[in-house]
Each structure stands twice: as C-alpha cells, then as structure tokens.
Amino acid sequence: MSDTRSHPDGPRPDDDDGRQVWLTPPESMQHSLFIAAGVLATVIASYVGLVAIPNWQVNRLEPVMLDNGETYPAERSELAQKGKDVYIDLGCVYCHSQQVRQNDFGGDLSRGWGMRSSVPLDYTREETPVLGTMRTGPDLRNIGGRQPSRQWHYLHLYNPRITSPGSTMPPFRFLFDTVPIEGRTNVPVGRVDMPEEHSVPGHYVVATDRARALVEYLLSLDHDQTLPENANRGTDPEQVDR
Amino acid sequence: MGDSETDLERDAQSRKAIDASARLPVVFMMASGVFWLLFGTVLAFIASFKLHSPWFLADQAWLTFGRVRPAHLNTMIYGWASMTGIGVLLWLQARLSRVRVPLRKSLIAVGVVWNFAVLAGTVAILAGGSTSVEWLEFPPWVAAILGALFVVVMAASVLTFVRRNVEHVYVSQWYLFGAVFWFPFLYIAGNLVIHGTGASGVAEATANWWYAHNVLGIWFTPIGLAAAYYFIPKVIGRPIHSYYLSLLGFWTLALFYNWAGTHHLIGGPIPLWVQTVGIVASMMMFIPVITVAINHHMTMVGHFDKLEYSPTLRFIVFGAMSYTLVSVQGSLTALRVVNETTHFTHYTIAHAHLGMYAFVTMVLFGSMYYILPRLTGREWSSGPLIRAHFWTTGLGMVLYWVGLTIGGWIQGQMLKNPDIAFIEIVQTTLPYLWSRSFAAALMSVGHFIFAYLVGRMLYEWATDRGKDRLPPMLGGDQ
Amino acid sequence: MTLIYGLIWGSWVVFGIATVWAFAWAVRSGQFRQVSKGSKVLFDEDEPVGEMTDAFPDVPDDQLPDPDNEGNDG
C-alpha cells in the first residue's frame, strides 16, 4: 500500500515533537470519506429542498375546467409548439420575461401585462417554461391577448422600428424571404403587408415557416383566464390575493 | 528551528518536484483558459454593442443577440473560468498536500476533450441548438461529456488529498475539496433534472436557479477563496489572521450558499415558501462573508504597501474585496424591497459580473501570475504590461459595474411606474449601455495584453529561451 | 416514483449522519486544535514567514520591503 505515496522526498519529521507525520493510507482515506460525505450532504440537502420538494408540489397540478367549459391551460397547437422551439433557439428569453408579478410587487399589472399575476398552474403543461430574468423588452406572458394581430408581429420581427420607433430589439430579417413579384400569379402564403417606405421594390416579403410558427406561438401566449375559486394553483391562496 | 542548510535545500527541491509534476496538465488547462477568455471577450463585445445598436451584425441568425449572449456566458464559465480554475485547483492541492499531481496523462486528455466539448457546445448555441435554460445552454450531449470529465478531475483531486503528506488540512483544502465534490454532483443532477423528464413547469425554474446560483456559489467561490487563502499569506509572508474564523467561514458557506438560488425568482409564480427560503439563506450568507472579509483584511493590515510590488497580490486583493462587495450586494438584493426594483434589470447583470469578473476572474489572473512562472521556469516578460493589464481590467470593471448598477436601478424605478411608456425606459438606458461597451473595450485591451504575456512566456518555454532571466524567488539559481 | 423519493430522502438521512460524523472526526483529530499552528503549513525553511514570494519582473529582490519577522516565533 505504501507505494501509493508519491511524495518526492518521503516522510517529513514534524517540527514540533519529532513525531513522524505519516498517516497510513487506510486512515487518511477514511478521513477523506468523512469530509466528502459532510460536504456532499450540504448540497444534497439543498437539492431536496429546492428541487425535489418544489417539483413534487407543482408536478401534481392538473389542468382545470373553466366556467366556460374549456380546460385550462389549453394544449398548444403543433405549430405553436414549433414556434416555441424558435423562441428558444433565438434566445428571446434574454430580453423578455414570461411571468406577471404579484399585484403589490412591481408595476406588472398596472402596465397591462396581465389581469392577474402568474401562478404555477399556468405552466403545468410546459416541459420548458421560459420565465426569464430580464426585461430589456416587455413581459410577453400575455402578448397574444394584448397584440393579436399577426401582421403586426411580422412587421415587428422584420424590423421592430417599423411598429415601435426607437426600439432596441434586434431585427429578425433572416426569418423572412423576399420573392420577386414578377411572374407570380398568386400572392404567396405568409406575405407581409409592408408599409410603402419599407417595402422591397419588386418583391414580396414573405414570412418563412419559422416566422409563422414563432408568431403562432406568440399569439398563443394568453394566460389571463380567471381561475375557478377552488382550483389548485400550486401556491398559497394569500399569495394570489395580495 | 532544524538544521537549516539541508532543510532549506530539501524544501526547495520538494517544491520544485511538485511544480514539475503539475507542469503539463496545469499549463495546458491555463493556456486553454486564456484561449476561451479571448473567444468569450469577442462574443461579449458583440453582445454588448448590440444592446444599444441593434442593427449591428443583425443579418445572420447565428450572430443574433439571443445566441451570442449565451455563447459568451458559456465560453467564459465552462471555458475560461472552469479550465483555469481546475488548473489552479490541481496546483494548489498538490502544493498543500505536498504530493505530485496524480493522473497526469488522464488530466491532459481531459483538457483536450474539454476544449472540444466547449467548442461543440458554443457552435451548437450559435447554430440554434441552445436550450435557453440560463447557465445550461449547452445541448444535453455536450453536458454529458463535461459531466464525465468533471468526474475525472474529481478523482485526481481526491487522490491528491488522500495521498497527502501533511497532517494538517489547510483551509484552502477544505474549500477545494468542497468544490470538487459539489460541482460534479450539481452539474450532473442539474442537467438530469432539467433536460430529463424530472422537472417540468415552474419546478424547472427552481431547479434552474438552484443550479445557476450554485455554479458561482459552490464551484467558483470555493476555488477563488481557496486561492485567496493561499496567496495572500503566501505572498506577503504572514499567516492568515484568524485560522478559526476561516474554518467557521467554510462550514457556514457550505450550509447556506446552496439554498440562496431561488432569490432569482422572487415575486414569480413559484410557491412563496421557496422564495422565502432563498431570501433567508441569502441573509445567512452574511456570516461566511463577513468572517472572510475580516480575516483577509486583518491579514493585510500593515502590509498594504506590498500591493505595489506584487502582481499576484494586487489581483487577488482586488478579487477578495470584490467578493465581500458582491456578497453583501447579493444579500441586500434578495430583500423584497430591493428586489422589486432591481429584478429584471441591468442591475443584475452588473451584479453577476461583480461576482464572475471582479472576484473570480481577477483571482484567477492573480493566481496565474504566481503559478505560471513556477511551472515554465520563465519570468514574465514585462512589468509595465502587467500593470497595464491590472489597470485596464480593474478600471474597466469598476466602470462596468457603476454604469450598469445605476442604469439598472433607474430602469427598475421606471418600470414600476406605469405612467412611463416602455419605449422611454428603453431610451433612458441607452447611455448606460454605451458606458458598458466602453468598459468592455477597456477590459478587452487588458485581456489581449494578458494573452500576449502568457503567449510570450509559453513561447520562450517551448523554444527554450529566456531561462537566464529567472530570479531566485522563482526558483532560479541564486 | 416512490423509489426515487425513497432514495432521495434515504440519502439525505445517510448524508446527514455522515456530516455529523465528519465534524466529529475533525474535532477529534485536532483539526480545530492548534489552529494557529495550522495556518503556518504554507511556509517552510526555504520560504519562511516574513519573506515575500512574488514581485513584478522589474522590481529587483533587494528593493522589496524588508522581511519582517512578525509571527515567526518558531
């Protein structure tokens, strides 16, 4: 066992009492084990507390029946689901949150970003929620209700400054094609109604499949429904009322 | 004490033998780290510029802000800071345990594969494969590779510790030992829960912030503190002020830091108790932070003049002071009254850089100034350039933090007031975003200077030049 | 699912006990005794307390602050 020692000079005499400082390997191994266990325990405890238990608490949330007979949250269409993938791969989350804060906390409700604050139930069907931590742009949790116009979104994505002068949102022109008007008999699907001064002469500007999916997803973002009184929202009741 | 001539000789030889064993793996990790530092710096600058000038490089999907930003973060975290941090960790552990670095060949292989993994992950993000889960943007298959590599590092570290030739376990060892046990668990568990089917809905968000906060808290912070606890006393030649405090600091950090992450979700759609736990843990962090602050300060008292003479000391003391500042700021930011304003603003970005840059990166710079000459047997080629590196990065960081903290605070105040149109907020933040780009330019200059110094040293080493300039302090001939 | 939660909680208990154990070991083996002596493991005969070990390349050794012998009480 002693060949596991790789000190360049072998044992060192202890300065104070001349005793050899030479832990036998099994003993020092045990010590390491103890420390390792202690150290791991601290992080495993937080794992249980912050990951396992919350997961257990909110994973059981079931969609509820609204007063109008619909289930909530509704399932997203396949196209909208594809759009969410586009939202994720283009990283919209680094500028936009998707969570409406509580009434007395921040100006979310008064800005019209929602009629009520978001609760865990709203996300129960989402494999990957994109809650976000940054608001360089506005919260988008209910953008579908706030801005239901497909054409507005196309224009805005093509060049945000068309719809929102002074915007610092980047243009996503690569989500659009330009097709020559000449020689076409029909108007292509996904054509964008460009204002005169921004149009591309002699061309249609057309939303690609990705752009159409993305906008479909944005329009599906509408989580303002009033929840039934007794629905399990996944949070404490007083948290919602405040 | 002791018959000095032979003891002296033996101590010097033993130190040299340990450094020699660390040479290849540690130099490889650090050189790779510097490469990723430059790569990440370019990405950082592009991202920063885009925020005030959105037309900049906007025509290609792979350069869009939402990809460049996570690419920057991941190259810095998993490329620069992790690789360099592992280099520092291996060297420190070998020195403190007084044994050679074990598994040297495997560690070099780890470094090689690591570089490919980070490259693959970064390309994947730019190509549209990002997961948009903050701090875990690499696709799961890249994460799987990195997770496996972390386990090898952990094995090397445990072997070093088990074989140690010193009875006493110095406080840096506690931190390093903590880091190598915490992080692989954190990384693997975090990835499994988030990319697997373990969590969905808002539980994924709590898992996300448990992970992301802990990357700083129980991976980079322990490495940074271990380095500070080693280099401050070692450079000035004076033992740490209160050894007892340092151990108290370690265990309180271990107990509280990893509960604090959910303060990133205050006010959000997660159960209230989860937020409260995060806030309470953030407050408890005052204990380890203040013990560390007092300890480092008291060690330095009477020795501040030495800052003028030692590059290592300058960077490390800058880093250690930033640790106190970032931690106090973090605890205060977790308070609901403060968080209401600062959440979702550039204030948070400033805070994150105070941690990852002013603390971690500066400590890593300082450590490299000490370690690399001892591994390559070459002295740094220019004093003025080292000073230039210090002042550009130091001032750049201060400017960065001040600008975005003020800008973020104003942004937060305006967001709370529904009478102010959103676009007006966007316009108000612009000057602060410009100040950040300016700061980024300063810091970039520093990084290129540093890369030049490291490159020059490695070149002299590879071509067997410059040996004559080695002073006795670095183990050169007397 | 029960199995997984059993494992999580089970490991929690095991590790909790281990923490106490580790702490007990640390106390028993004297990690907290002689604490000030422990802080000197960084130094040796060749790089003793009182001597700086890092300097800018353009600062000659003889211009460094004088070594102080503070704390070097053997």
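**Second largest cavity**

I looked up what lines the second largest cavity: 14 residues, with B:Arg15, B:Arg95, B:Arg98, C:Leu42 and C:Asp44 nearest its centre. The model is predicted: local features need pLDDT of at least 70, side-chain atom pairs count only at pLDDT 80 or more, and totals for chains, interfaces and linings use all residues. Residues are numbered from 1 along each chain as its sequence is written, chains are lettered from A and ligands numbered from 1 in the order written, and side-chain values use heavy atoms, without hydrogens and water.

A cavity here is a set of points on a 1 Å grid over the protein atoms alone where a 1.4 Å probe fits but cannot get out; lining residues have an atom within 4 Å of a point. I noted a volume of about 180 Å³ for the second largest cavity. Volume is the space filled by probe spheres set on the points, which are joined across faces, edges and corners. Helix 1 (4–52), helix 2 (65–97) and helix 6 (202–236) of chain B each give two or more residues to the lining of this cavity. Helix 1 of chain B supplies the largest share, 4 residues. Helices (H or I, at least four residues) and strands (E, at least two) are DSSP runs, numbered from the N terminus.

I then sorted the lining by class: 6 nonpolar, 1 polar and 7 charged residues. Asp, Glu, Lys and Arg count as charged; Ala, Val, Leu, Ile, Met, Phe, Trp, Tyr, Cys and Pro as nonpolar; the others, Gly among them, as polar.

**Chain A**

I counted 7 helices and 6 strands in chain A. Buried residues make up 56% of its 242 residues. Buried means under 20% relative accessible area, exposed over 50%, partly exposed in between (1.4 Å probe, protein chains only).

Next I checked helix 2 of chain A, residues 78–89. Its 12 residues should span 16 Å at 1.5 Å a residue, and the end C-alpha atoms are 17 Å apart, which agrees. The expected span is 1.5 Å times one less than the number of residues. Buried residues of this helix include A:Lys84 and A:Asp89. What do the buried residues of helix 2 of chain A pack against? I found helix 6 (209–220) of chain A, together with helix 2 and helix 3 (104–129) of chain B. Contact means heavy atoms within 4.5 Å. A:Gly91 follows helix 2 of chain A, with a positive phi near 70°.

**B:Thr361**

I located B:Thr361 in helix 12 (residues 346–376) of chain B. B:Thr361 is buried, at 3% relative accessible area. Leaving out residues up to four places away in sequence, B:Thr361 touches B:Trp80 and B:Met356.

Note on methods:
On a 1 Å grid over the protein atoms alone, a cavity is a set of points where a 1.4 Å probe fits but cannot get out, and a pocket is an open set with protein on both sides within 12 Å along at least five of seven lines; lining residues have an atom within 4 Å of a point.
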